[in-house]
Every structure is written in structure tokens, then in C-alpha cells.
Amino acid sequence: MAGIHSWKHIPEDKGRVGLTHPTIRKTTLKQAKVYIAVLIISMLMDWTVFPMFYGATYKRSTFVNNIKIQVFDLDGGPVGTNITNMILSTPGAKNLPRWELSTAASTVKEAERLVQRHKWGAFVINPGLTNSLTSAIVNGTSYDPTKALTVLTASGRHPVGEIMYLQPAMRAAAAKLSAGYSMAALQEFKKADPLTRSMIRPNPTALVNPIGFTVKEVAPYNFSLSPVVTTFGFLTCTLCIVAPFLLWKLTTFELFRRIRYRDLVAFWLTVIFVYLLFISLYFSLAFLAYKGPGYSSEQHALPYTAGKFFSIWFTAYAVLLALCMWLFACYLIAAPSFLGFISVMHVIPNVVSTIVPAEMTPRFFSLFHALPFYNGTMLFRYITSGSGPQIGTNLGVILGEVALMLIVLPISIWFRQYTVLSGIADPMGSYRGNAFFESPVPYYKDAEKPKDDGKTTSDDGTQGASSAASKEYEHITTDRHNNSKLTIFTLASEAPAAEVAKIVDDNGGAASFNSSNLGI
């Protein structure tokens with residue numbers, strides 16, 4: 001049984017020294033400098049990420065006033081005019097949306113289509129309200145107050161912003177409007193002279209509750225996964241790709257040394273395209289399996305079809321291509337110390353762009369509209385809810401980014417190969433001048449120095465072949481008379497002089513000659 005102090009006397013430690021031993025002090029200091037540099041990078045990363053993430057969310061309720069809710073007066077009568085004025089005169093606040101009178105729709109269906117594609121929501125004063133309410137008050141005809149107003153909501157614009165801030169504000173405004181108009185109608189009725197009151201037979205409902213409302217969801221996006229489906233889905237796919245990318249970055253040094261450039265470009269593009277095709281397929285399959293019960297009901301989302309499956313697959317594929325080709329291009333040229341920083345600084349802004357509406361964030365975050373996650377999320381919401389205020393722009397941005405990455409990635413591959421072959425970058429990606437730089441490829445400036453006379457003297461006085469003389473050089477000349485190639489190998493000074501050349505003819509045959517045969 002090992003003694004309590006046996007760890008101090010491990011046999012394998014014979015000949016080793018402690019961290020503070022003078023013989024390794026230089027190595028220890030070198031390691032410490034690297035760790036301190038990594039710590040500083042991590043601190044900078046934290047103080048960049050936290051303000052970016054929390055800064056986009058902590059004041060979102062104070063930016064609700066940036067959003068406009070449309071008001072459509074399709075009645076055109078005095079009742080519709082009064083209601084419109086009451087809505088537009090509602091006191092504003094930072095945590096409440098603004099009301100905007102619109103004439104862009106002449107029917108309820110047109111208003112629904114407009115809100116579904118371009119707006120956050122709307123109040124529609126239904127046509128014929130003045131006539132039906134007047135008839136109910138004067139003649140006592142039947143009256144349904146819920147048909148006075150239609151409140152149009154569009155959760156597909158953004159489930160968090162719409163459900164948390166806009167829909168409650170719109171419902172509260174409609175209820176306040178109903179109560180205010182009812183109170184005003186009762187007061188007007190009391191002010192009427194007795195003769196007038198005796199001549200009318202009001203419908204009690206029309207008198208007590210003249211204005212009601214019906215809420216209609218025109219871009220349903222209320223299924224159970226709606227707040228996180230693209231945020232978590234795209235994030236998971238990206239994280240599943242980061243590990244292979246890092247592995248490829250750290251283990252492909254020999255590929256860049258031995259394979260020609262055009263083959264490297266074709267290889268990496270093929271690998272990335274195929275790999276991301278399967279990752280994006282898994283995203284579409286996962287959504288199909290876990291979209292939740294009641295997904296296709298009227299108030300949850302549009303009906304799920306085979307076309308939607310492939311549309312979601314294509315959307316995820318385009319998002320991952322745009323982001324991951326750029327990410328891999330950055331990995332190829334980045335030093336190891338910055339790989340984590342690059343990963344986090346690509347992931348967090350993309351995540352932020354999906355969790356908070358741009359209208360509810362400071363102006364700086366509008367720059368995130370160019371990110372793949374944001375545009376992919378907007379495309380996904382259009383597919384599942386029909387809400388797409390800028391669907392053409394979102395699709396164009398994503399495809400444009402994919403096209404741009406098809407230019408950027410080959411440039412990054414060229415740079416990586418150039419630095420490898422020039423002895424500037426080592427297998428891990430560190431660059432010359434780094435404390436741990438170690439490359440088997442000689443530095444290109446050293447290779448350009450004049451060669452010595454072929455001999456060097458070692459410490460023990462013996463002569464050996466110099467590094468220049470020990471290299472093997474190949475010279476190819478072409479014999480134009482018989483269309484064959486003469487390849488002459490100049491060997492190190494100690495190499496046998498017996499076989500110094502061979503002639504390789506066109507049909508692949510080879511004949512070896514001694515130096516005497518060649519007349520050398």
C-alpha cells in the first residue's frame with residue numbers, strides 16, 4: 001500500500017526538477033507570459049460579451065415606443081371618427097406603442113394581409129359600425145359589440161416582443177376605449193330631454209357596452225418552441241461544427257504542405273458543404289419531431305407541410321454556410337490564443353439578434369440585421385407564420401453572404417498555405433515570434449541566404465554535410481529530340497557516386513546508369 005508521503009518519491013520523477021528550479025526558469029516564465037496573455041484575452045472577451053448580451057435586453061421595455069400600431073377607420077362615420085380620435089389621443093409612454101392612422105387598407109382582409117406581412121398590429125374600426133350602433137340605440141335592433149373593433153396581432157414578428165409588450169398594451173387600450181366610449185354614451189343619453197328618450201327604444205347592450213373588440217391573430221407564432229426554436233437550433237448546430245473546425249485547424253498542417261492549392265480549396269469546400277448539409281437536416285428533423293401538440297391549430301402556426309420541411313432545411317443550411325465558412329476562414333488564420341475569442345464573438349451577437357426585436361434595442365444593435373441568425377430567424381418565421389416584413393431582403397442578405405464566403409474562404413486557405421510553406425506558421429497556427437513557435441519548415445528568409453562551401457565542423461572537430469549540402473535538389477531538362485526527361489539528383493557529399501542520374505522516357509520506363517555510362 002502506498003504510504004502517505006509516497007507521492008514525493010515516485011521513481012519516474014528521477015532526474016526531473018521542480019517548477020522553481022533555475023534550469024527551467026526561462027521555460028516557466030515563457031509559459032506564465034502565455035497564460036497571462038490568455039487571461040487578458042478572456043477578460044476582454046467577458047467585458048465585450050456581457051455588455052453586448054445584457055445591453056440588448058435590460059432596457060427593452062423602454063423602447064416599446066419605437067413600434068407603431070396601425071389604426072384603420074373602415075367605418076367612416078361619426079362613431080368611427082370618435083373612436084379614432086380617442087385612440088390617437090391616448091397618452092404615450094416609453095413602455096407603450098404609438099398609434100398611427102393608416103389609409104393603406106379599405107377592407108378588413110386588406111388590413112389583415114398588411115399586418116401579416118409588414119406591421120406589428122392594428123386596430124380596425126369595422127365598416128358599418130355607425131349604422132349598426134345607431135340602429136341599436138334608436139330602434140333597439142340586435143347588436144354585437146364585439147364586432148365594433150378588430151384587434152389584429154402578429155406574433156410572427158417577434159414572439160417575445162409581441163406577447164410580452166404589444167398584445168397586452170393593445171388589449172388594455174381596447175378595453176379602456178370600450179369603457180370610455182360606454183361612459184360617454186350613457187352621459188349623452190342622460191343629457192337628452194325626456195321627449196327624446198321616450199321616443200327611442202335603445203338596446204341595453206348597445207347603450208351599456210357599445211364598443212367591444214375581437215382579437216385576431218393574423219401571423220400565428222405561438223407554439224411551445226417559438227421563443228427559442230431558431231436561437232437554440234442555430235446555436236446548437238454552430239457548436240456542433242466548432243469542434244470539427246478546431247480539429248481541422250490543428251491537425252491539417254501536412255495537407256497544406258503537400259497538397260496543391262486548388263485541390264485544397266475544392267477539398268475544404270466539399271467537406272464543409274456536405275457536413276453542413278447533414279447538420280441542417282438534423283435541425284429540420286428535430287423541429288418536425290418536437291414542434292409540439294396543436295402546432296397547426298389556427299392560433300399556433302400555419303399548417304405544417306412537406307414544403308415547409310424543405311424550406312426550413314434550406315434556411316438552416318444557408319445560415320450555417322454563411323456563418324461557418326466565415327468562422328472556418330477566421331480559424332485558419334488565427335493564432336491558437338484567439339480561437340476562443342473568435343468563437344464567442346461570432347456566436348453571441350448572432351444569438352442576441354434573435355432574442356430581442358431590433359426596435360426594442362439601442363440603435364447600435366440595428367447592425368445585427370446583417371447577421372445570419374437574424375435573417376435566418378426572419379425566414380423561419382415567414383415559413384411558419386407568414387410574417388415577413390422584409391423577406392426579400394433577408395433572403396438576399398443570406399445568399400449574398402454565402403457568395404461572399406465563397407471568395408473569403410479560398411483567400412484564407414491560400415494565406416494558411418503561404419504561411420505554412422514560408423515557415424511563418426507552425427502546425428498549431430502560431431506565428432513566427434511566438435514563444436512556442438515550432439515549425440519543421442525553414443523560414444523562407446533563411447532559405448534565401450547564400451549557401452556555404454558544403455562543409456561544416458561539428459563540436460568534436462569532425463566535418464559533416466552542411467544543411468545546404470545535405471538537401472536534395474532536382475533538376476529537370478527536356479531532350480527535344482526524343483521528347484524524354486533527364487532527371488539528375490545531386491546527392492550529399494557522403495552519398496555514393498554510383499548512381500547519380502536516370503532517364504525517364506515517355507512510356508514510363510526507366511533505365512539506370514552508372515556515372516561511367518553517362519561519361520561523368
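**How the helices pack**

Helices α8 (residues 229-251) and α13 (residues 372-385) pack at an angle of about 130 degrees, with their axes 10 Å apart; axes are lines fitted to C-alpha atoms, for helices over the stretch in contact, and angles run from 0 to 180 degrees between N-to-C directions. That makes α8 oblique to α13 (angles under 35 degrees count as roughly parallel, over 145 as roughly antiparallel, 65 to 115 as roughly perpendicular and the rest as oblique). Heads-up: this is a predicted model, where local features need pLDDT of at least 70 and side-chain atom pairs count only at pLDDT 80 or more, while totals for chains, interfaces and linings use all residues. Residues are numbered from 1 along each chain as its sequence is written, and side-chain values use heavy atoms, with hydrogens and water left out.

**The α8/α13 pair**
- The crossing of α8 and α13 is right-handed (left-handed if the near helix is turned anticlockwise from the far one by less than a right angle, right-handed if clockwise).
- On the α8 side, the contact (heavy atoms within 4.5 Å) uses Val229, Thr230, Thr231, Phe234, Leu235 and Thr238; α13 brings Phe373, Gly376, Thr377 and Phe380.
- By class, the residues of this α8/α13 contact split into 5 nonpolar, 5 polar and no charged (Ala, Val, Leu, Ile, Met, Phe, Trp, Tyr, Cys and Pro count as nonpolar, Asp, Glu, Lys and Arg as charged, and the others, Gly among them, as polar).

**The chain overall**
- You're looking at a protein chain with 16 helices and 11 strands; helices (H or I, at least four residues) and strands (E, at least two) are DSSP runs, numbered from the N terminus.
- Of its 520 residues, 40% count as buried (under 20% relative accessible area; exposed is over 50%, partly exposed in between, with a 1.4 Å probe and protein chains only).
- Take the contacts between residues at least 6 apart in sequence: 69% of them join residues at least 24 apart.

- From α13, Pro372, Tyr374, Asn375, Gly376, Met378, Leu379 and Tyr382 take part, and they meet Ile391, Thr393, Asn394, Leu395, Val397, Ile398 and Glu401 of α14.
- Sorted by class, the α13/α14 contact has 9 nonpolar, 4 polar and 1 charged residues.
- Gly376 of α13 turns up in the contact with α8 and again in the contact with α14.
- Zooming in on Leu379, this residue of α13 counts as buried at 8% relative accessibility.
- Not counting residues up to four places away in sequence, Leu379 touches Thr315, Ile391, Asn394 and Leu395.
- Leu379 and Asn394 are 15 residues apart along the chain, and their C-alpha atoms are separated by 6.8 Å.

- Just after α10, Gly292 takes a positive phi of about 100 degrees.
- For α11, 28 residues should span 40 Å, and its end C-alpha atoms are 41 Å apart, which agrees.
- In α11, 20 of the 28 residues are buried, so this helix is largely enclosed by the rest of the structure.
- The axes of α10 and α11 come within 8 Å and cross at roughly 140 degrees, and the two helices are therefore oblique to each other.
- The α10/α11 crossing is right-handed, and by class its contact has 22 nonpolar, 2 polar and no charged residues.

**α14 and what follows**
- With 31 residues, α14 reaches 45 Å from its first C-alpha to its last, close to the 45 Å expected.
- Gly423 follows α14 and has a positive phi, near 75 degrees.
- Ala435 is found in the loop between α14 and α15 (444-447) and is partly exposed, with a relative accessible area of 37%.
- Leaving aside neighbours within four places in sequence, Ala435 is in contact with Lys30 and Val34.
- Ala435 and Thr27 are 408 residues apart in sequence but 9.5 Å apart in space, C-alpha to C-alpha.

Methods
Expected span 1.5 Å × (residues − 1).
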